[in-house]
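Subject: Handover of a structure and the findings so far

Dear colleague,

Please find below the structure that I am passing on to you. I would be grateful if you could look through it before reading the notes that come after it.

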Amino acid sequence: MGPTHRQFLLLLLRMVAAAAVVVTSVDAISEQKFAMEPQDQTAVVGSRVTLPCRVINKSGVLQWTKDDFGLGTHRNLSGFERYSMIGSDEEGDFSLDIYPVMLDDDAKYQCQVSPGPLGQPGIRSNFAVISVLVPPDPPKIVQGDYLVTTEDREIELECVSYGGKPPAEITWIDGLGNVMTEGIESIVDALQDGRRFTSKSILKLTPKKDHHNTTFTCQAQNTAERTHRSAKLKLEVKYAPKVTVSVISGAASNGRIPEGVEVRLGCKADANPSTVTYKWYINDEQIIGDYTTELVIHNVTRKHHDAIIKCEVHNPVGKSEESETLDISYGPHFRTKPKSVQADLGSSVTLTCDVDGNPPPDITWIHEDSARVVGSNPNLTLRVDSDTAGRYYCKAGVMGFPEVGAEATIYLKGPPSIVSHRTQFGIEGDNVRVECTAFSIPAPEKVIWTFNGRAVNQNEQDYTILEDTLPEGIKSTLIIRESQERHFGNYNCSVANPYGSDMVEISLMPQKNFPLLLVVIGVVGTVIVLIIIIMIIFLCQRQNKKQPEADTNTIEKQCKESDRSSNISDLKLDLRTGSSVSNVHCEMDYMPGAESETGSESVITRIGVPLAGPVNLPNQDIYRYSAEYTEPNFPPKTDGQNNNGYVPYVDYTRDYNPPPVMQPALQSSIDATRESLQSTRLQLNSLQTHQIPVSGTSLPLNDLTDIHMSPSQNLPNGNIGGIDPRYSAAYGNPYLRNSNIGLPAPHTAIPAATPAPPPYTRDVSRNLANSCANVVNSTTIAGATIATGTTGANGAVPQVARLPNSPTSQYIVPNANLATIKRGTLATHV
């Protein structure tokens with residue numbers, strides 16, 4: 001290598017070394033820069049705000065500026081108590097902290113670093129704007145919290161909110177909770193500081209009845225706070241009456257009011273103030289009367305249908321009215337009845353049936369000639385021919401009301417036809433009428449009478465012509481005054497119309513005058529004969545209606561049935577069978593004057609043994625009624641049957657035990673005695689029936705005491721000796737059939753405490769017995785034994801005492817010497 005090359009290499013090394021020195025000096029002097037710069041922020045008054053500022057390679061002096069005014073270089077920023085720089089120098093953090101934020105803090109801020117000692121350039125951050133938000137003051141309604149106004153008069157409600165930043169937003173809410181969006185005007189005014197604002201909202205309102213006693217709310221809010229603030233106002237609205245009219249009573253379920261009923265309409269008025277007056281109108285005519293909230297219309301008619309009933313109510317604010325249209329239901333009624341029409345063949349005609357009714361009537365058209373329904377509309381249109389011509393019937397009906405109907409006829413035009421009799425009669429000397437009746441559609445133009453080929457002139461003295469227009473033609477009457485023989489003969493009647501003519505010959509014949517007197521006599525005679533015939537028929541019918549004499553067997557059967565129903569033994573039944581036809585009668589007779597204390601009739605048997613009455617107390621001459629004694633308890637029957645005290649009549653004979661046969665002599669004597677007494681008894685029955693006195697004394701057979709007789713050969717049980725127990729009272733009485741069963745013990749009541757009825761001593765029974773004895777003697781009864789306390793053959797004859805005025809229920813009192821009798825089936829319920 002040469003020296004040149006060595007010099008070049010040395011120069012190159014020197015240049016490299018110099019470059020290295022330059023690089024080292026540059027690294028020793030570092031540049032200042034921001035690691036974090038402040039950003040715009042929004043804060044609410046009273047809150048905390050921190051603006052970040054972090055610097056790298058800080059060599060200069062750092063400070064914050066507010067609106068380009070330096071706040072200081074020390075971290076405590078003396079002079080600004082709410083401001084401070086937080087962070088550490090090692091981290092290069094110099095953030096600005098503001099607490100509490102106030103409205104004055106609303107400004108732009110910048111973090112600045114001055115140049116370094118080694119010539120490092122100074123740096124500045126971006127401006128950061130702090131926007132301070134201020135909540136508005138609570139809103140206020142200028143009109144206050146209560147306002148009185150009148151309906152339909154526009155008012156303005158103003159709501160103001162002061163000091164808000166940004167301006168407050170105002171919202172109106174009505175009394176129903178609805179946000180109002182119409183009729184609102186908003187105004188924003190800045191305050192003197194230029195940062196805060198005043199918001200105004202004006203609500204234009206037309207009050208209604210619905211606004212009465214409702215509260216309107218004004219709400220104010222901005223972004224400075226989450227909740228709104230509000231003010232309220234209560235609105236009182238005075239309004240005219242609000243009227244409603246309705247039918248209270250009288251209307252049917254379908255809403256219609258039947259014709260003829262009484263209707264009540266009610267008028268309700270809501271008004272403020274509530275002092276109101278009422279007026280009622282019918283079709284704009286005021287109703288006279290002191291009607292307020294109710295209107296009564298008596299007997300509504302179809303004239304009230306569609307009538308407008310209006311109720312007008314006044315108060316200090318004004319008046320209001322409301323109306324109700326009456327819907328009256330009524331039956332059909334013809335406005336215009338159908339009218340008959342005349343038509344040419346092939347033409348078209350219309351029949352009208354104008355019927356009024358509510359609801360609208362159902363209309364039916366019937367062709368009477370064919371009995372066919374041909375239409376259901378008010379108007380019936382037809383083409384006229386021989387089939388459609390004739391009579392039509394229009395029928396109209398409304399549900400719940402009677403139908404109405406009317407007739408109309410479609411006449412087919414044609415030549416006339418005379419329908420009068422060809423032979424007519426008249427009385428000579430009287431005024432004679434000759435009639436000519438013609439059917440003519442259309443009406444005839446003329447009617448001409450001729451007699452003997454000569455036209456009859458009505459101007460003549462003998463004749464007069466009368467013409468009567470008929471719906472279907474004409475009737476012409478030729479009157480002959482004071483007719484004579486020359487007036488009788490043949491008359492011609494000629495009728496003509498535009499469609500033709502007709503002529504007939506009428507023969508007028510004389511009629512003999514029958515005398516009027518003969519006519520009157522004949523009529524009167526006929527009436528008299530008819531009356532006589534009717535009377536004869538009436539009398540014959542009355543004779544035929546008389547009932548035949550009652551059958552004796554039937555009467556006997558009725559008596560027996562009556563006795564069985566009254567619990568009396570068949571003693572009397574056998575006695576009756578031997579009586580004569582004239583003496584057939586029931587044994588239960590009514591005794592005048594023998595009524596009970598209650599006024600009921602007393603029935604006394606003819607046997608002489610009363611089944612009811614006062615009871616003779618032992619050793620006392622007084623009687624007490626059975627109601628004062630307790631009911632005895634009978635032992636059960638030994639035959640195992642229990643019929644509650646009742647057994648059928650046919651079972652009575654099962655307990656019958658015949659007594660021993662008596663001696664023949666005694667038997668025959670008793671038989672004779674029984675037959676004699678029975679015959680006498682039947683005769684007395686006949687005498688009493690005809691009220692014939694016996695021996696000067698009219699004595700009822702009921703007063704006879706028991707008569708004992710032996711059975712005869714005709715007894716149902718055969719010829720049995722002794723006395724048949726069926727003729728004894730012991731047969732049907734449990735007290736007399738068993739000697740072990742006595743009368744119930746007397747009532748424990750003290751007689752003085754329970755006074756007896758008026759006493760009847762035994763003298764009464766003795767007198768009755770004596771009377772009976774007199775009757776027997778007067779009728780020459782031989783061998784008859786009257787039971788006056790003695791005992792019969794079977795020992796079953798009771799001692800009887802009877803009061804004339806005893807109750808209808810009867811008792812049998814046994815004798816103290818009652819013989820033993822087998823207990824059997826009870827004939828009566830005791």
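This is a predicted model: local features need pLDDT of at least 70, side-chain atom pairs count only at pLDDT 80 or more; totals for chains, interfaces and linings use all residues.

Strand S3 is joined to strand S8 (residues 95-98) by three bridges, and the two run antiparallel. Within this pairing, Leu 51 has Leu 96 in S8 as its bridge partner.

A second pairing involves strand S26 (residues 308-315) and strand S27 (residues 318-325), which run antiparallel and are joined by eight bridges. These two strands, S26 and S27, form a hairpin, with two residues between them. Opposite Cys 311 stands Glu 322 in S27.

**Gln 112**

Strand S9 (residues 107-113) contains Gln 112. Is Gln 112 buried or exposed? Its relative accessible area is 13%, and because buried means under 20%, Gln 112 counts as buried. The side chain of Gln 112 makes a polar contact, at 2.8 Å, with the side chain of Gln 110. When neighbours within four places in sequence are left aside, Gln 112 is in contact with Val 61, Leu 62, Gln 63, Thr 65, Ile 123 and Arg 124.

**Disulfides**

How many disulfides does a search of the whole structure find? The search finds five, and the paragraphs below describe some of them.

Cys 111 is joined by a disulfide to Cys 53, with an S to S distance of 2.0 Å. The link of Cys 53 and Cys 111 is left-handed, with -65° about the S-S bond. Cys 53 and Cys 111 are both buried.

Another disulfide is formed by Cys 159 and Cys 218, whose sulfur atoms are 1.6 Å apart. The torsion about their S-S bond is about -75°, so this disulfide is left-handed. Because Cys 159 lies in strand S14 (residues 155-164) and Cys 218 in strand S19 (residues 214-221), the pair ties together parts that are 59 residues apart in sequence. Cys 159 is buried, as is Cys 218.

A further disulfide joins Cys 353 to Cys 394, with an S to S distance of 1.8 Å. Here the torsion about the S-S bond is about -80°, so the disulfide of Cys 353 and Cys 394 is left-handed. Cys 353 lies in the loop between strand S30 (348-352) and strand S31 (354-358), and Cys 394 in strand S35 (residues 390-397), so the pair ties together parts that are 41 residues apart in sequence. Cys 353 counts as buried at 1% relative accessibility, and Cys 394 counts as buried at 0%.

**Cys 540**

Lastly, Cys 540 has a relative accessible area of 44% and is therefore partly exposed.

Yours sincerely,

A colleague

Note on methods: Residues are numbered from 1 along each chain as its sequence is written. Side-chain values use heavy atoms; hydrogens and water are left out. Two strands pair if DSSP finds at least two bridges between them. Helices (H or I, at least four residues) and strands (E, at least two) are DSSP runs, numbered from the N terminus. Buried means under 20% relative accessible area, exposed over 50%, partly exposed in between (1.4 Å probe, protein chains only). A polar contact is a pair of N or O atoms within 3.5 Å; within protein, one must be able to donate a hydrogen and the other to accept it, and residues adjacent in sequence count only if both atoms are side-chain atoms. Contact means heavy atoms within 4.5 Å. A disulfide is a pair of cysteine sulfur atoms within 2.5 Å.
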